[in-house]
Amino acid sequence: MALPMPKLILAITALSHSLTISFGFNLGKISTPIFHPHKSNDNNAPTRRDFLAASIASASTVIVTSSFPAHATISTADAAITDKIFIEFKGLSSDPGEKDRIVIGLFGNDAPQPVSILKQLVSKDGYKSKCKPLDTSRVLQKEQLEANKVYNSCIENEDIYGVNYDYSSVWRVIPNQRIDIGAVTGKFVARENPNFEDTKSSTLLHDAPGLVSVRRGNESGFGFTIYPGGGDATILNEDNIVVGKVMEGMDVIQKLNGIPVVKNALAGNKSQAAPSRACRYGGSELYCSENKPLKKVLIERTGNL
């Protein structure tokens with residue numbers, strides 16, 4: 001049933017008021033034909049249908065084209081430290097008696113879910129992750145039997161042992177841009193990757209040396225990244241969630257930043273922001289070794305402070 005013109009105008013006015021409250025836009029500022037009910041004899045005057053169509057189109061434009069504000073960006077200098085963890089490296093210094101240790105302060109208020117996972121990964125009990133589904137697509141019987149063995153072992157220990165960083169490696173270093181740490185090996189390879197979620201409305205950027213971050217989603221395994229500073233952090237800001245900063249041991253970070261790495265002349269444009277698991281664990285592609293440290297550096301000890 002069509003609304004009488006006075007009620008129609010009242011309804012559109014109410015719509016304008018609602019849009020102003022909900023979206024911060026004033027429909028009254030949008031040009032629409034003015035309907036004069038007593039001047040309808042003018043052939044050029046808009047009809048009721050013209051008025052209704054234009055008003056609805058204007059309201060639709062407001063709703064469709066309006067965008068909500070982006071996440072607010074705050075400085076990491078203002079982020080509160082809620083927890084602390086430590087990591088000790090093996091193989092970085094020539095002196096076996098020297099302890100290469102860093103202490104990381106975590107931003108639990110700004111990145112609660114990733115921080116919770118990271119705290120579990122450095123704990124003795126580890127992060128309880130389910131086993132990946134059994135891959136039955138192996139062509140060679142020998143490979144399938146090995147896959148079955150790995151899967152069965154994972155199922156047996158799924159509820160007993162959690163994933164931790166014990167003897168995981170520093171697997172990629174791009175000087176001044178990123179140090180990628182925590183490529184787990186052995187029995188942990190068969191576990192499902194954690195899904196790191198950015199659940200807060202504020203966004204922390206890599207705006208200072210020593211910031212620690214994890215990649216959004218579950219494509220980058222269990223590892224984390226340290227920004228050494230001085231290089232382009234665009235990719236990190238786009239892909240990663242900042243979860244903390246190095247509070248002690250920036251000298252160790254500089255050692256890691258200076259490790260000699262593989263540079264493949266034929267790598268071309270195949271360098272990836274986050275290589276697949278095959279790359280991290282010795283894939284056949286040539287570019288998988290790009291920026292891989294020429295010396296093995298492992299995580300020897302971790303824990304919560």
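Modeller: A contact here means heavy atoms within 4.5 Å. The model is predicted.

Colleague: How many of the 305 residues are buried, as a percentage?

Modeller: Buried residues make up 40%. The cut-off is under 20% relative accessible area. The protein chain exposes about 17,400 Å², and carbon and sulfur atoms supply 53% of that.

Colleague: Why is Tyr-167 called partly exposed?

Modeller: Its relative accessible area is 45%. Buried needs under 20%, and exposed needs over 50%. Tyr-167 falls in between, so it is partly exposed.

Colleague: Where does Tyr-167 lie, and what is its phi?

Modeller: Tyr-167 lies in the loop between α4 (141–157) and β4 (169–174). Its phi is positive, about 60°, although Tyr-167 is not a glycine. Most residues other than glycine have a negative phi.

Colleague: Which class does Asn-176 fall in, and why?

Modeller: Asn-176 has 34% relative accessibility, so it counts as partly exposed. Asn-176 is found in the loop between β4 and β5 (178–183). Asn-176 has a positive phi of about 70° and is not a glycine.

Colleague: What makes a set of residues a nonpolar core?

Modeller: The members are buried residues of the nonpolar list, joined through side-chain atoms within 4.5 Å. The largest such core has 38 residues. Phe-89, Ile-102, Ile-181, Phe-224, Ile-226 and Leu-256 touch the most other members. Helix α3 (residues 112–121) gives the largest share of this core, four residues. A second, separate core has five residues, among them Ala-79, Phe-107, Leu-211 and Val-242.

Colleague: Which residues does Leu-256 touch, leaving out those up to four places away in sequence?

Modeller: Leu-256 touches Phe-89, Leu-92, Val-170, Val-173, Ile-179, Ile-181 and Val-297.

Colleague: How do you know that β3 and β9 pair?

Modeller: Pairing needs at least two bridges. Strand β3 (residues 100–106) and strand β9 (residues 240–248) have four, so they pair, in the antiparallel sense.

Colleague: What joins β7 to β9?

Modeller: Five bridges join strand β7 (residues 211–215) to β9, and the two run antiparallel. With at least two required, β7 and β9 therefore pair as well. Gly-244 in β9 is the bridge partner of Val-212.

Colleague: Why is Met-247 called partly exposed?

Modeller: Met-247 has a relative accessible area of 38%. That value lies between the 20% and 50% limits, so Met-247 is partly exposed. Met-247 is found in strand β9.

Colleague: How far apart are Met-247 and Val-103, in sequence and in space?

Modeller: They are 144 residues apart in sequence and 5.6 Å apart in space, C-alpha to C-alpha.

Colleague: What makes the charged end of Arg-101 sit over the ring of Phe-86?

Modeller: The distance to the ring centre is 4.3 Å. The limit is within 6 Å, and the charge must also be within 35 degrees of the ring normal. Arg-101 is listed as sitting over the ring of Phe-86, so both conditions hold.

Definitions and conventions
Residues are numbered from 1 along each chain as its sequence is written. This is a predicted model: local features need pLDDT of at least 70, side-chain atom pairs count only at pLDDT 80 or more; totals for chains, interfaces and linings use all residues. Side-chain values use heavy atoms; hydrogens and water are left out. Buried means under 20% relative accessible area, exposed over 50%, partly exposed in between (1.4 Å probe, protein chains only). Accessible areas come from the Shrake-Rupley method with a 1.4 Å probe; for residues, only the protein chains shown count as cover.
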